[in-house]
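The sequence and the model are shown first, and selected features are then described in turn.

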Amino acid sequence: MTSLEDIIKTSQFITIEGKRNSGKSTFVFYSLMEILKSDMTVFSPIEDTLFERKLKIIKKNFEIFKDLTSKLKFFFLEENWLQIKQLYGFDYFREEMEKLIKESSTNIIYFHRFGEFFELQDIKEIEPTLSYIMKTAQKENKKLIFSINTQSPVYKTIGATLKDFSDITLAIKELSLNERIIEVQTSVTPLFHNKYYFLSSKNILALMPYNENEIKILKDKIKILLISKNIDLQKFFQYLFQNERSIDFNIMESIPTLYTKLIPDIDLLLFNDENERLKIEIPQFIKMNNLKTKIFFLSDKNYFREIDKQILYNQGYTAIFSKNFTFEELIFAIEKESGKFFYFDKFDKIIKNQTIYEGINGIFYKNKDDFFKKIKILIENSIYFTIFVYELSLDIDFNSINLKEIIRDYDSIYIDKKSNQIILLCINSRPRIKEIVEKRFIKQNIQIKNIKIIEAQDVKI
């Protein structure tokens with residue numbers, strides 16, 4: 001059993017079929033750029049100007065195709081093709097194809113709209129032509145990709161013949177303007193999946209095995225946008241959201257002038273900008289246009305008076321947070337307003353799953369590797385934490401430390417006797433709790449010196 005990506009790499013003859021404008025060429029070019037990563041010769045029956053227009057459109061719509069043209073070489077059917085065919089028959093065509101395959105500087109040749117090379121009266125020429133082309137390709141060790149229109153008058157014959165010759169035949173069906181289903185019609189190699197989901201979203205193309213639950217998650221994604229020049233804040237949210245399939249997260253350092261076109265597409269706007277005009281203008285725009293967009297104001301101020309909060313609420317903000325926000329308060333608010341319980345449900349499952357995450361609830365770690373194993377598990381699951389590293393006084397009796405008085409549930413401690421350091425792992429806590437942590441040491445008459453404080457997004461393991 002193998003994946004679609006692997007069989008596209010290894011197959012010599014590939015057929016893509018579907019209705020006109022179903023996205024056959026888009027999928028071929030996606031395969032070229034994302035899977036095959038090679039150059040390709042394109043042979044098409046349509047006019048070169050029309051083909052160039054199609055290329056310009058897909059290059060404009062999808063980031064992955066920005067360098068596509070540099071990967072392609074083109075051949076187009078001559079305008080007087082019908083007259084040439086009447087004069088010389090298909091022998092001439094086959095000889096030209098042989099020449100094209102042999103002299104092509106690329107190892108991949110794409111026969112675009114291959115059915116349009118034939119008319120109804122040419123049906124008897126289809127099989128010998130394909131046989132001739134493929135024998136030549138085998139000799140020259142060239143990969144051939146064919147796209148055919150299932151609405152073509154010759155489809156019944158050409159489709160059946162290509163299925164006989166091809167290593168794999170894929171059928172593209174339109175679900176919506178931005179969605180396609182790719183079904184494996186025939187394959188010489190068994191595949192893990194026989195149906196795939198091909199999606200275009202904004203400037204991105206994605207290919208994945210067809211799974212209704214996975215697709216529902218993908219389609220139900222909420223869009224969260226952070227507006228901030230604060231690098232620490234950017235890294236904080238990137239860490240939390242980067243692995244969340246239900247969240248489409250983006251960062252912009254400043255709000256664009258044409259924000260009226262951007263905001264209606266956003267579900268939650270995290271606004272960290274002290275520009276007084278924009279602070280008033282953006283929530284007013286959301287209110288006046290009855291948009292679904294929720295807006296959180298993330299201030300650079302350390303403290304907010306209640307009267308100041310009330311003013312901002314009246315202006316249209318959904319929630320207001322000072323620079324010293326608590327982690328749990330912010331995440332609860334995001335989960336509530338977005339309807340995506342992406343964090344605390346996941347946290348609960350990880351903390352309670354002793355089978356998969358053995359030792360995850362350890363409090364005191366004597367082994368450094370076990371301690372860092374816990375940290376690695378938290379990072380892999382985007383669970384937030386802060387690490388406090390302290391140097392202890394030389395005369396400290398380690399056995400006298402009441403660990404339970406220093407840390408909370410789920411937090412952990414590692415004592416490095418060699419370096420005389422104590423490391424605290426505080427889960428779901430920001431560096432702002434430093435004073436609280438240090439007061440717990442003072443309460444036990446333990447002298448400490450802070451060495452460093454590291455947030456989860458800055459840990460390198």
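## Salt bridges

A salt bridge is a side-chain nitrogen of Lys or Arg within 4 Å of a carboxyl oxygen of Asp or Glu. The structure described here is a predicted model, and it holds 18 salt bridges. Arg20, Arg113 and Glu116 are linked in a network of such bridges.

Another salt bridge joins Glu244 to Lys346, with the closest N and O atoms 2.8 Å apart. Glu244 belongs to the loop between α8 and β11 (247–252) and Lys346 to helix α13, so this pair ties together parts that are 102 residues apart in sequence. Both Glu244 and Lys346 are buried.

## Pairs within helix α10

Helix α10 spans residues 276–288 and contains both Lys279 and Glu276, which are three residues apart, about one turn of the helix. These two residues form a salt bridge in which the closest N and O atoms are 3.3 Å apart. Lys279 is buried, its relative accessible area being 8%.

Glu281 and Arg277 also lie in helix α10, four residues apart, again about one turn of the helix. Their salt bridge has its closest N and O atoms 3.0 Å apart. With a relative accessibility of 28%, Glu281 counts as partly exposed.

In soluble globular proteins, nonpolar side chains tend to be buried together. The largest nonpolar core in this model has 45 residues, and the members that touch the most others are Phe237, Phe241, Ile334, Tyr343 and Phe385. Helix α8, residues 231–241, gives the most to this core, contributing six residues. Apart from this core lies another of 36 residues, which includes Ile7, Ile16, Phe29 and Ile182.

Leaving aside residues up to four places away in sequence, Phe237 touches Leu226, Phe249, Leu270, Leu298, Leu330 and Ile334.

## The two sides of helix α13

Helix α13 covers residues 344–352, and its buried residues are Phe344, Lys346, Phe347, Ile350 and Ile351. Viewed down the axis of α13, these buried residues fall within an arc of 150°, so they line one face of the helix. On the other side of α13, Lys349 and Lys352 are exposed.

## Surroundings of Thr386

Thr386 is part of strand β16, residues 385–392. Thr386 is buried, with a relative accessible area of 0%. Its side chain reaches the backbone oxygen of Ser429 at 2.5 Å.

When residues up to four places away in sequence are not counted, the contacts of Thr386 include Leu424, Leu425 and Cys426, together with Ser429, Arg430 and Pro431. Ile453, Ile454 and Glu455 are also among the residues that Thr386 touches.

## Positive phi values

Most residues other than glycine have a negative phi. Arg113, however, has a phi near 50°, a positive value in a residue other than glycine. Arg113 is found in the loop between β4 (108–111) and α5 (123–140).

Asn428 is located in the loop between β18 and α15 (434–443). At 7% relative accessibility, Asn428 counts as buried.

Key:
Residues are numbered from 1 along each chain as its sequence is written. This is a predicted model: local features need pLDDT of at least 70, side-chain atom pairs count only at pLDDT 80 or more; totals for chains, interfaces and linings use all residues. Side-chain values use heavy atoms; hydrogens and water are left out. A nonpolar core is a set of buried Ala, Val, Leu, Ile, Met, Phe, Trp, Tyr and Cys residues joined through side-chain atoms within 4.5 Å. Buried means under 20% relative accessible area, exposed over 50%, partly exposed in between (1.4 Å probe, protein chains only). Contact means heavy atoms within 4.5 Å. The arc is that of the directions from the helix axis to the C-beta atoms. A polar contact is a pair of N or O atoms within 3.5 Å; within protein, one must be able to donate a hydrogen and the other to accept it, and residues adjacent in sequence count only if both atoms are side-chain atoms.
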